[in-house]
Amino acid sequence: MEREQSEQPKTGSDPKDVAADANERRSGYLGFVAHEVRNPLSTALWTAELLARMSPEERGGARGDKLSAMCLRSLSRVRQLVEDHFLCERLDVAGIPVRAEPLSLGEVVEALLERRPADAPPVTVELDGPITVAADRSLLERAIEALLAVAGSDGTPVRVVARTGDDVAISVSGHAPAPGALEDPRKGSASDPKGRALALPVARRAAAALRGSLIVSDAGYLLTLPRVRAYTPPPDSPAEP
Amino acid sequence: MTDPLVLVVDDDPDILDAICDILEGEGYRVARARHGVEALERVEAEKPAIILLDLMMPVMDGLAFAQALRERPGKAGIPIVVISADGNPQRAASVGAAGYLAKPFDIDALLAQVAQMTSSACASF
């Protein structure tokens, strides 16, 4: 069963009801963001305070090392959540200039995989030949990286398959999506240990900004993007080798 | 008399580790659970003096756990302190929690709450 994301109001609905629904969704979403930030923020504050209460000798010991590692890990989670949240906010108000350029999908995915942390789960990639998409590089990277993160939850190996048709369809599968997670991120994992609780909202908004779409099904995530069939560089561009 | 046992229930492993570190540093014995089902098993295995309970958890959330606990003979009186990041103390009150701490709470506030609850619990045994 597929569950396509749609935030559009239902046709024929009372405008007041639509506005109330939108406000309720917005409030719920912001509550979820606050919840996700407060957990790692708590750990960061507590561990920093515990370290401050320790003597220099204690701080240099095993417990000090453990608390320092927890503090840094928690701050990384906070940073990831804050970055994802503000990206979502900016995309919501079209506050980011989106520049569509022809990009080799294979090169984009390969560059992303090279930058992944060493402990990230394995990713297999299957492309239907050389594929060129019309996209903003930064947003495309954020969308694919976010999908790799959610599909790779709990260390699950990830499979990326891209096919061309009228558009480019990029299927990312791995960890099964939580039912309704795309419509409401609160229905996803209760607390993401990597701080990627907002990965799906990021991917959905980035897909929309790239004039594509994101669909979640039991099989995984399907990102669809406009395809470049034949790209002709502008006359003043340097010729490609 | 043995030190009071505190059961900490939270799905976030770093939160669990940090709270257990804080409590153990003050001499409490701690048991940990990642969700309500694990917490019910812990309660059966070793009767804690107090339960620190997160609300938003997978498998069985804090509200469902609190209701299940209240229906268990001999366990219903274990005091619960809700530790939640949802900023909604009404949800804690709805399950009859004895206390509520909103994350991120101060370490001293946690220790004061636990000290008060464990001394009450020990006095009532």
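In chain B, five strands form an open sheet in the order S2-S1-S3-S4-S5, and the pairing is parallel. The edge strands are S2(B) (29-33) and S5(B), each of which pairs on one side only. On average, neighbouring strands of this sheet are turned by 20° against each other, direction ignored. The model is predicted.

**Strand S4 of chain B**

- Which residues of S4(B) are covered on each side? Ile80(B), Val82(B) and Ser84(B) are buried on one side, and Val81(B) and Ile83(B) are buried on the other.
- In a regular strand, side chains alternate between the two faces of the sheet.
- Five of the five residues of S4(B) (residues 80-84) are buried, so this strand is largely enclosed by the rest of the structure.

**Partners of S4(B)**

- S3(B) (residues 50-53) runs parallel to S4(B), and three bridges join them.
- Ile51(B) has Ile80(B) as its bridge partner in S4(B).
- Leu52(B) stands opposite Val81(B) of S4(B).
- S5(B) (residues 99-102) also pairs with S4(B) in the parallel sense, over four bridges.
- Here Val81(B) stands opposite Gly99(B) of S5(B).

**Helices and the sheet**

- S3(B), helix H3(B) (residues 62-70) and S4(B) make a right-handed β-α-β unit.
- S4(B), helix H4(B) (residues 89-94) and S5(B) make a right-handed β-α-β unit.
- Which strands does H1(B) touch? Helix H1(B) (residues 13-25) packs on the sheet and touches S1(B) (5-9), S2(B) and S3(B). The direction of H1(B) makes about 170° with that of S2(B).
- H3(B) packs on the sheet as well, touching S1(B), S3(B) and S4(B). The direction of H3(B) makes about 155° with that of S3(B).

**A helix pair in chain A**

- Two packed helices are described by the angle between their axes and the distance between the axes.
- Helix H5(A) (residues 137-151) and helix H6(A) (residues 199-209) pack at an angle of about 145°, with their axes 8 Å apart.
- The crossing of H5(A) past H6(A) is left-handed.
- On the H5(A) side, the contact residues include Leu139(A), Arg142(A) and Ala143(A). On the H6(A) side, they include Leu200(A), Val202(A) and Ala203(A).
- By class, this contact of H5(A) with H6(A) has 13 nonpolar, no polar and one charged residues.

**Where the chains meet**

- How many residues of chain B are in contact with chain A? There are 18, and they are in contact with 21 residues of chain A.
- H1(B) gives the most to the side of chain B that touches chain A, with seven residues.
- By class, that side of chain B has ten nonpolar, one polar and seven charged residues.

**Backbone details**

- Most residues other than glycine have a negative phi, and most peptide bonds are trans.
- Lys103(B) and Pro104(B) are joined by a cis peptide bond, with omega about 0°. Pro104(B) is in the loop between S5(B) and helix H5(B) (107-124).
- Asp154(A) is not a glycine, yet has a positive phi of about 60°. Asp154(A) lies in the loop between H5(A) and strand S5(A) (158-164).
- Is Asp154(A) buried or exposed? Asp154(A) counts as exposed because it has 9 C-beta neighbours inside 10 Å, and the cut-off for exposed is 12 or fewer.
- Val59(B), a residue other than glycine, has a positive phi near 70°. Val59(B) lies in the loop between S3(B) and H3(B). With 14 other C-beta atoms within 10 Å, Val59(B) is partly exposed.

Note on methods. Residues are numbered from 1 along each chain as its sequence is written. Chains are lettered from A and ligands numbered from 1 in the order in which they are written. This is a predicted model: local features need pLDDT of at least 70, side-chain atom pairs count only at pLDDT 80 or more; totals for chains, interfaces and linings use all residues. A residue is buried if 20 or more other C-beta atoms lie within 10 Å of its own, exposed if 12 or fewer, and partly exposed in between; C-beta atoms are placed from the backbone. Helices (H or I, at least four residues) and strands (E, at least two) are DSSP runs, numbered from the N terminus. Two strands pair if DSSP finds at least two bridges between them. A crossover is right-handed if, with the strands pointing away from the viewer, the path from the first strand over the helix to the second runs clockwise. Axes are lines fitted to C-alpha atoms, for helices over the stretch in contact, and angles run from 0 to 180 degrees between N-to-C directions. Two residues are in contact if their C-beta atoms, placed from the backbone, lie within 7 Å. A crossing is left-handed if the near helix is turned anticlockwise from the far one by less than a right angle, and right-handed if clockwise. Ala, Val, Leu, Ile, Met, Phe, Trp, Tyr, Cys and Pro count as nonpolar, Asp, Glu, Lys and Arg as charged, and the others, Gly among them, as polar.
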